[in-house]
Amino acid sequence: MYVLAIDTALAACSVAVLDAEADEIIAGDSLLMDRGHAEALVPIVEQVMRDAGLDFRALWRVAATVGPGSFTGLRVGLSAARGFALVAKCPAVGVTTLSALAAPFLALDDTLPVVSAIDARHGHVYLQMFGAGGRTLIAPRIAAVKDAARAVAIGPVRLVGSGAALVAEAWPPKEQLPLVVEDMVAPDVAWVARLGAVADPARAEPRPLYLRPPDAKPQDAARIARR
C-alpha cells in the first residue's frame, strides 16, 4: 500500500512515498521555493519513485495538498496528482495544508489545541484550530491577524505555520501566551502522505480549497469591444 504524496501549495515543492502498512517513508525530497513548482515537480517525482524502487502501477493512492495556498502552486500539484493517479489506476485524494501543518503536533499530543496559521498577506492569515483528538474548533477561514489572535486565545495553545508569529505578535495582552510558536513555511510532506493514506476518497476530493478569490481580476475596462 504505497502512497505518493505531493505538496506544491506553499513555499516548497515536496514529494514522498509512504509504505502505509509499515507507516514508513521510503523515499522523499523537498525544495524550498516560492515559484517554479511546475518545472521542478515532475523531475522530483521521477527521482523519488526511482529512489523508492517503484513503478507508478505499484501505487495504492496519490495524495496532494489542496490549500489554502498559492493559486498557481495548487493547480500544479493537483493536476499532477490526478495525472499520476490515472496512470496508476488508483484514487487521488486531497489533504489541506492546515491539517498537514497541525498533524505532527497532534500526533505528539492531541490533548492541547493546535492552531494552523498561514500568512495570507495584507494583514490576514488562513486559519484553522484543532482541539482534543484533532476535532475542529474553528473551521478553515481567512481572518485579519488581530481577529485570528482573539479567536484562538482560549488558553494553552500551539501555533504553527508561516502565520504563527504574526498571530503571536497580535496576542491579546491579558491572555495566556501560546505554548509553542513554530514558523513553518510548508507542511512536512510525510504527514501529507499519512493523512492521505487514511482519507476517504469519496470525501477528500483533490479539489482546491480557496478561502478567498484570486488577486488577479479581469481588466474589463481594457477589453476591446467586439464588432
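Predicted model: local features only at pLDDT ≥ 70, side-chain atom pairs only at ≥ 80, totals over all residues.
View 1. Ser14 belongs to strand β2 (residues 12-19); helices (H or I, at least four residues) and strands (E, at least two) are DSSP runs, numbered from the N terminus. Ser14 counts as buried because its relative accessibility is 1% (buried means under 20% relative accessible area, exposed over 50%, partly exposed in between, with a 1.4 Å probe and protein chains only). Its side chain makes a polar contact with the side chain of Ser30, at 2.5 Å. A polar contact is a pair of N or O atoms within 3.5 Å; within protein, one must be able to donate a hydrogen and the other to accept it, and residues adjacent in sequence count only if both atoms are side-chain atoms.

**View 2. Ala92 and the residues it touches.** Look for Ala92 in strand β5 (residues 92-96). With 16% relative accessibility, Ala92 counts as buried. Leaving out residues up to four places away in sequence, Ala92 touches Val62, Ala81, Ala85, Ala204 and Pro206 (contact means heavy atoms within 4.5 Å). Val62 is 30 residues from Ala92 in sequence, yet the two are 4.7 Å apart in space, C-alpha to C-alpha.

**View 3. The peptide bond between Gly67 and Pro68.** Here's Pro68 again: a cis peptide bond joins Gly67 to Pro68, with omega at about 0 degrees. Most residues other than glycine have a negative phi, and most peptide bonds are trans.

View 4. Asp23 isn't a glycine, but its phi is positive, near 50 degrees. You'll find Asp23 in the loop between β2 and β3 (24-32), and at 45% relative accessibility Asp23 counts as partly exposed. Arg121 isn't a glycine either, and its phi is positive too, at about 70 degrees. Arg121 is in strand β6 (residues 114-121) and is exposed, with a relative accessible area of 60%.

Notes:
Residues numbered from 1 in each chain as written. Heavy atoms only, no water.
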